[in-house]
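Trainee: Please show me the structure, and then let us go through it by question and answer.

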Amino acid sequence: MPAMIAEFDVRPGDGRVLHAFDTGADAAVSLVLVWHHGSPQTGAPLDPVLVAAAERGIRLISYARPSYGGSSPLPGRDVASAAADVAAIADAVGVDRFATMGASGGAPHALACAARLPERVVGVVTLAGIAPYTEEFDWFGGMASPDAIRSAFESRDARARFEATAEFDPEQFVPGDWTALEGRWSSLGADVGHSEVYGPDGLIDDDVAFASSWGFDLAEVAAPVLLVQGDLDRVVPPAHAQWMRGLLPDSELWMRAEDGHISVLDAIPAAMDWLLERAR
């Protein structure tokens, strides 16, 4: 585990604040990795991600997307807007080139960085990542509780109204997910709880961004991409990763037969190894 994690604010120049975290520069660092958190979380790096990065000599940077974890709102944001925010954070800590990794709601934003910052992003990993909306497959098929994201297709107001009375559906998670949350990924559940103090706007804006034009095409992502997907995922079904695999110019898909939406995160250490190989 890193001895110290710097926690700081970055001002991207438009009056906003981005709350960020950095394990710090080191002469022995083999790769810089920007982590994109799920929906909802605070942006603070999770314990298993920190451990896996430290074991591999990876410098880990993470941040809270707008309206999460102390970052300012960005009304009307799309997925692509994450790239400018990440560039501002990377510039603030003196980092030029980096890889990106995102889980669940963070995955589209990790791809956005590669599309919009092609000269800086050396590789991408997505875990249980949602696809841009399309009618080429049943986009909602296999989702245990699609009503929240469906409401985002109507309007932001509709998504906010839904959130006002929303209740978590435990059927979204398979037994392996619950085992992960009770054990090795307990820090994720705790962080979701901590995120509640910041209100629902980050989650609402994420869903509206996913349901709208992302601001880039998958074909623009030139960096190598690893898609990691659980066969049993009831939040983001496997068809999303399978469809994106066909559109990303340089991509690989790891299907994990026994994993759901949370347990698939156990692939992170191997995915970091994959990024290290591409960076070399």
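What follows is a set of questions and answers on the sheet, the salt bridges, a helix, some backbone angles and a pocket.

Trainee: What should I know before reading the values?
Mentor: This is a predicted model, in which local features need pLDDT of at least 70 and side-chain atom pairs count only at pLDDT 80 or more, while totals for chains, interfaces and linings use all residues. Residues are numbered from 1 along each chain as its sequence is written, and side-chain values use heavy atoms, with hydrogens and water left out.

Trainee: Which strands stand at the edges of the sheet?
Mentor: Helices (H or I, at least four residues) and strands (E, at least two) are DSSP runs, numbered from the N terminus, and two strands pair if DSSP finds at least two bridges between them. Here 8 strands form an open sheet with mixed pairing, in the order β1-β2-β4-β3-β5-β6-β7-β8. Each edge strand has a single partner, so one side of it is left without a neighbour in the sheet; these strands are β1 (6-10) and β8 (251-256).

Trainee: What is the average twist from one strand to the next?
Mentor: The angles are taken between axes, which are lines fitted to C-alpha atoms (for helices over the stretch in contact), and run from 0 to 180 degrees between N-to-C directions. From one strand to the next, the twist averages 20°.

Trainee: In β6, which residue is the bridge partner of phenylalanine 98?
Mentor: Strand β5 (residues 98-103) pairs with strand β6 (residues 121-127) in the parallel sense, over 5 bridges. The partner of phenylalanine 98 in β6 is valine 121.

Trainee: How many residues apart in sequence are the parts tied together by aspartate 22 and arginine 59?
Mentor: A salt bridge is a side-chain nitrogen of Lys or Arg within 4 Å of a carboxyl oxygen of Asp or Glu, and the structure holds 19 of them. In one, the side chains of aspartate 22 and arginine 59 meet at 2.6 Å, N to O. Aspartate 22 lies in strand β2 and arginine 59 in strand β4, so the pair ties together parts whose separation in sequence is 37 residues.

Trainee: Is aspartate 206 buried or exposed?
Mentor: Buried means under 20% relative accessible area, exposed over 50%, and partly exposed in between (1.4 Å probe, protein chains only). Aspartate 206 forms a salt bridge with arginine 65, with the closest N and O atoms 2.8 Å apart. Because its relative accessibility is 0%, aspartate 206 counts as buried.

Trainee: Which helices hold arginine 159 and aspartate 207?
Mentor: These two residues form a salt bridge in which the closest N and O atoms are 2.8 Å apart. The pair ties together parts that are 48 residues apart in sequence, because arginine 159 lies in helix α5 and aspartate 207 in helix α8.

Trainee: Why is helix α3 described as largely enclosed by the rest of the structure?
Mentor: The buried residues of α3 include His109, Leu111 and Cys113. Helix α3 (residues 107-116) is largely enclosed because its buried residues number 9 of the 10.

Trainee: Which peptide bond is cis, with omega near 0°?
Mentor: Look in the loop between β3 (31-36) and α1 (47-55), where proline 40 is found. The cis bond runs from serine 39 to proline 40.

Trainee: What is phi of serine 67?
Mentor: Serine 67 is found in the loop between β4 and α2, and it is buried, with a relative accessible area of 10%. Its phi is positive in a residue other than glycine, near 75°.

Trainee: What is the volume of the largest pocket?
Mentor: On a 1 Å grid over the protein atoms alone, a pocket is an open set of points with protein on both sides within 12 Å along at least five of seven lines. Grid points are joined across faces, edges and corners, and a volume is the space filled by probe spheres set on the points. For the largest pocket it is about 1400 Å³.

Trainee: Which helix supplies the largest share of the lining of the largest pocket?
Mentor: Lining residues have an atom within 4 Å of a point, and the largest pocket has 49 of them, with Ser39, Pro40, Phe168, Gln172 and Leu203 nearest its centre. Helices α4, α5, α6, α7 and α8 each supply at least two residues. The largest share, 5 residues, comes from α7.

Methods: On a 1 Å grid over the protein atoms alone, a cavity is a set of points where a 1.4 Å probe fits but cannot get out, and a pocket is an open set with protein on both sides within 12 Å along at least five of seven lines; lining residues have an atom within 4 Å of a point.
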